[in-house]
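Student: I have the sequence and the model open. Can we go through what the labels stand for?

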Amino acid sequence: MGDPEKKIIKISVRNLVEFVLRTGDIDNRRTSAAEKTAMQEGSRVHKKIQRRMGADYRPEVSLKHMVSEDQFQILIEGRADGIIDRPYGVTVDEIKGMYMDLSYLEEPVPVHLAQAMCYGYFYCFDHGLSGAVIQMTYCNLETEEIRRFQVEKTFEEMEEWFQGLIHEYVKWARYLYIHGVRRDESIRELSFPYPYRAGQKELVVSVYRSISRKKNLFIQAPTGVGKTLSTIYPAVRAMGEGLGDKLFYLTAKTITRSVAEESFSILREQGLYLNTVTITAKEKLCFLDGPECNPDACPYAKGHFDRVGDAVYDIIHKEAAINREVVLQYAEMFHVCPFEFCLDISNWVDSIICDYNYVFDPNIRLKRYFSEGVTGEYLFLVDEAHNLVPRAREMYSAAVYKEDFLLIKRIIKPMDHKIARLLDRCNKELLEMKRECESFRVLEDIRFFMNHIMSLFGEMEKFMEVHQEFGDRDMVLDFYFSLRDFINSYDRLDENYRIYTELFRDGRFMLRLFCVNPSRNLKECLNKGNSTVFFSATLLPVSYYKELLSGDPDEYAVYARSPFDQGKRLLMVAADVSSRYTRRNRREYQKVVDYLRAIVSARKGNYMVFLPSYQYLKEVEALLAESKGQKGEFAYLSQASRMNEQERDQFLLEFSGERKDSFVALCVMGGVFSEGIDLKAERLIGAVIVGTGLPMVCTEQDILKDYFDEKEQKGFDYAYQYPGMNKVMQAAGRVIRTVQDEGIIALLDERFLKPDYQALFPREWEGYYEVRLNSVGEVLKNFWSGREKKGEQEYDGDIEDTPL
């Protein structure tokens, strides 16, 4: 029985040694390329080796050991792969399957040996033995070649080593315990930082209730509800009640991460004692010009694990809000890899703010939390959840290109003729598929091709281990990872996938494993936690998102009421303009330009115009240039393709400061300026949306349509209309950001007047004006003059402008 006054901690042998020894791979891309396959093969090899070991070999021996240290009782549990108990002594065996050539293994991997040492100490302690032989058995998973290392240890040696291990762990356990007590005390005293807006309290209650019941929740929350704070606050309160021990705030874009950081900061000002880390992409954290994660090439990688423990201990004791700048500051101070340092920090904070990838992407996800067999008391808040559908499809899909096999063959052939032959064989298989494909073709099965891919991959795994440096190695490495992704996606194939080939106009030929419905793969990750809250200003229809994000139509869902005075916003739908492909001509482009002039002339200010494509934008831009100097002229700037972060920031600066004339930003719908842009008050007074946002007709969208048609669902709606209306609503949401904002939204496409489109309008769009070119000016004049009169009467005072 444990001491009731002491805190009991349970930890596995593996987690204990990996934590204390700070194991990790400084280059994520070097981790085993067939991790899932390796685990399956490893389990098979374990059993095969164990069966061969004879009658005195006891496999899978469960062991546990309780240690009393300070205010803790630590229960360490694990299972030794084998115990050989003979009259002349005991051998503790630890088996590890590997793909690498074992001839390159000169000694046991330290973390593997440490696991075996723990089992050896536990067994000797329980049986009163004076010592044991610690044996590491390595097996190549392809050749089944075996290599063993043995070291003899006395009980005293193992005990002294183990006490050092526990002593180091307790230092951190003590921090977690004291921090947790202080955190929970602060949460009990925490109140919502502002007076609740209309509908906000109900939203907070819904989030808390879902978490307490370990259910998922979908929230359609119009701009202005304060959804970030309204989800973080109840999630934090739930943590204080023991309903979760780590909160993941997941985003699709950098700007929404900063909003989450600001919300946590507001709660800290209210007395909350809780720390957060924002995980930033490796490329943005690297001190070098580009990530070169090799200790020989990077001074921060060399010796990283010797220094990172002190760096983590220092930062978590001194910083509560750990963002990119703070990580870089401490990484420089301790001379460690910033990205790996950031990941290590995540172990010791209460909340992690990060991109979707770090939870859901099988190649990028944080393995310390989400690898196979690992679960936790996690809470997930998924911001802008509408973005997760296309992102998840990409995460779980994979493709290979015929041309790449020929390119890699030319590079590798001088070094390895066997791999060259395997590449050639795969290329010939793809050539046969190409001959049968006129544009695209859906396939039922590719098992024979996958046999060749697996053989190629196995040989390339060994090749990359042996050949650490050669010309074009990065190109070969990228190809190697594309094979890994393809194999991993193939392992996931089920009824939610489609296999297809496509012949592009430039002659390239692709074979793709396309994850049409990612809900099952997402659920695999979400089930590792307690509860998930999906929220967005555009989760309509919610049945579509339930289908594709969780696969459960019975999940909880709420529609948060908008707190805004609808009189501050004018919604217009144009009945005399169309953006249909068949109507894209100079006459229709001119109508759009005429509408812009009418809208901008009604009130001076800043406007954003969202157009269907870059080509459409160029046509409108050309007409504006032609009519320069005419009545109603305004300054304008066009979004460029592939803008970098600095160019985007410069673009948004155009909305600041005083101007003599109105300013119009010509943007592409669904692009970087369609969502996550926060231009409050006079910085933006209008959004003009041209078209219904329908995705371009292409192979992928047609496959989506056919998939849902086969399931007797609305294929066109799922593939085209729902994603299109999502873009429209996101673009429209740029205008009203706070309770003080006022502005106009113009939908320029006659299709918005059709019942099927109006059925997708959010509730706050119920009142709109149908306009034409000859009437739009009068509608605008009445709205703006009405707002001026209303503004003179309104109290100009202390309306709270909280983060959204």
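Tutor: Start with the word core. A nonpolar core is a set of buried Ala, Val, Leu, Ile, Met, Phe, Trp, Tyr and Cys residues joined through side-chain atoms within 4.5 Å. Buried means under 20% relative accessible area, exposed means over 50%, and partly exposed is in between (1.4 Å probe, protein chains only). The largest such core here has 150 residues. Those with the most contacts inside it are Ile76, Phe162, Phe341, Ile345, Phe360, Ile689 and Leu747.

Student: How far can I trust these labels, and how are residues numbered?

Tutor: This is a predicted model, so local features need pLDDT of at least 70 and side-chain atom pairs pLDDT 80 or more, while totals for chains, interfaces and linings use all residues. Residues are numbered from 1 along each chain as its sequence is written, and side-chain values use heavy atoms, with hydrogens and water left out.

Student: What is Ile689 in contact with, beyond its neighbours within four places in sequence?

Tutor: Contact means heavy atoms within 4.5 Å. By that rule, Ile689 touches Phe610, Met669, Val728, Ala731, Ala732, Ile745, Ala746, Leu747 and Leu748. There is also a second, separate core of 36 residues. Among its members are Ile446, Leu456, Met460 and Val476.

Student: Why do cores form at all?

Tutor: In soluble globular proteins, nonpolar side chains tend to be buried together.

Student: What share of the residues in the protein is buried?

Tutor: Buried residues make up 54% of the 804. The accessible surface is about 36000 Å², and 47% of that belongs to carbon and sulfur atoms. Those areas come from the Shrake-Rupley method with a 1.4 Å probe; for residues, only the protein chains shown count as cover.

Student: How do you know that the radius of gyration agrees with a compact globule?

Tutor: For 804 residues, a compact globule would have a radius near 28 Å. The protein has 30 Å, so the two agree. Its C-alpha atoms fill a box of roughly 100 × 70 × 50 Å along the principal axes.

Student: How many helices and strands are there?

Tutor: The protein has 27 helices and 25 strands. Both are DSSP runs, numbered from the N terminus: helices are H or I with at least four residues, strands are E with at least two.

Student: Why is Gln701 called buried?

Tutor: Its relative accessible area is 11%, so Gln701 counts as buried. Gln701 sits in helix α24 (residues 699-710). Leaving aside its neighbours within four places in sequence, its contacts are Pro695, Met696, Ala719 and Tyr720.

Student: Is Met696 buried or exposed?

Tutor: Met696 has a relative accessible area of 54%, so the label is exposed. Met696 lies in the loop between β23 (686-690) and α24.

Student: What about Leu288, which lies in a loop?

Tutor: At 26% relative accessible area, Leu288 is therefore partly exposed. Its loop runs between α8 (282-285) and α9 (304-318). Leaving aside neighbours within four places in sequence, Leu288 is in contact with Ala297 and Cys298.

Student: What makes His335 stand out in its phi?

Tutor: Phi of His335 is near 60°, a positive value in a residue other than glycine. His335 lies in the loop between α10 (324-334) and α11 (338-345). With 32% relative accessibility, His335 is therefore partly exposed. Lys214 also has a positive phi, near 55°. Lys214 is in the loop between α5 (200-212) and β7 (217-220).

Student: Which peptide bond is cis?

Tutor: The one from Leu540 to Pro541 is cis, with omega near -10°. Pro541 is in the loop between β17 (531-536) and α20 (542-549). For background, most residues other than glycine have a negative phi, and most peptide bonds are trans.

Definitions and conventions:
The radius of gyration is taken over C-alpha atoms; the globule rule is 2.2 Å times the number of residues to the power 0.38.
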